[in-house]
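I opened my notebook to look through this structure one topic at a time. Here is what I looked up, in the order I went.

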Amino acid sequence: MAEEQNTEKIPVSPATFVYHTEDEYIMEVELPGVKKEDININVTENTFCVRAPRRNTEYNGCWVLAHDFDPDKGSAHYENGLLTIRMPLVEEKERPSRGIDVM
């Protein structure tokens, strides 16, 4: 009897190292065995998400960062299983805040 193939991928949060200089955020995401064309990156002003399938695994992670960056001016480079994303920092804008009453 032929074995049934399991098509469900195992979700894995990739190892990620995030740091910044005075000018930019640098995010290094480990994605061993992933093809460059399979990497999906989504960014907003202070978040980035990475999704990348590999055989029976799917790397998937989203991160919220403390400082805003310009998502239109970012760049990404993938080599030897390491994805490096660079995002230029922008001047912080004041975000409105308000208190919440506790009932």
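Predicted model: local features only at pLDDT ≥ 70, side-chain atom pairs only at ≥ 80, totals over all residues.

I took a closer look at one pair here. E1 runs parallel to strand E6 (residues 57–64), and 3 bridges join the two. Along that pair, I found Ile10 opposite Thr57 in E6. I reminded myself that strands of a sheet pair through backbone hydrogen bonds, either parallel or antiparallel.

**Entry 1: strand E8 and its partners.** Next I turned to strand E8 (residues 82–88), which pairs with strand E3 (residues 24–30) in the antiparallel sense over 7 bridges. Within this pairing, Tyr25 has Met87 in E8 as its bridge partner.

E8 is also joined to strand E7 (residues 75–79), by 5 bridges, and these two run antiparallel. One position I noted is Ser75, whose bridge partner in E8 is Arg86. E7 and E8 form a hairpin with 2 residues between them. In the turn I found Asn80, which has a positive phi of about 50°.

**Entry 2: salt bridges.** How many salt bridges does the count come to? I got 2. Side chains of opposite charge can pair when their charged atoms come close.

One of them brought me back to Arg86, which forms a salt bridge with Glu24; the closest N and O atoms are 2.5 Å apart. This pair links distant parts of the chain, since Arg86 lies in strand E8 and Glu24 in strand E3, 62 residues apart. Arg86 counts as partly exposed because its relative accessibility is 35%. Glu24 is partly exposed as well, at 22% relative accessible area.

The salt bridge between Lys73 and Asp70 has its closest N and O atoms 3.9 Å apart. Are these two residues buried or exposed? Lys73 has a relative accessible area of 60%, so it is exposed. Asp70 has 17%, so it is buried, the cut-off for that being under 20%.

**Entry 3: the nonpolar core.** I then looked at the largest nonpolar core, which has 17 residues. Which residues touch the most other members? They are Leu31, Phe48, Val50 and Leu83. The elements that give two or more residues to this core are E3, strand E5 (47–54), E6 and E8. My general note for this page: in soluble globular proteins, nonpolar side chains tend to be buried together.

I picked Phe48 and looked up its contacts, leaving out residues up to four places away in sequence. Among them are Thr16, Val18, Met27, Val29, Trp63, Leu65 and Ile85.

**Entry 4: Thr47.** My last stop was Thr47, which is found in strand E5. Thr47 is buried because its relative accessible area is 18%, and the cut-off is under 20%. The side chain of Thr47 makes a polar contact with the side chain of Thr44, at 2.6 Å. Not counting residues up to four places away in sequence, Thr47 touches Asn42, Trp63, Val64 and Phe69.

Technical notes
Residues numbered from 1 in each chain as written. Heavy atoms only, no water. Pairing = 2+ DSSP bridges. Helix = DSSP H or I, 4+ residues; strand = E, 2+ residues; numbered from the N terminus. Salt bridge = Lys/Arg side-chain N within 4 Å of Asp/Glu carboxyl O. Buried < 20%, exposed > 50% of the residue type's maximum accessible area, 1.4 Å probe, protein only. Core = buried A, V, L, I, M, F, W, Y, C linked by side-chain atoms within 4.5 Å. Contact = heavy atoms within 4.5 Å. Polar contact = N/O pair within 3.5 Å; in protein donor to acceptor, adjacent residues only side chain to side chain.
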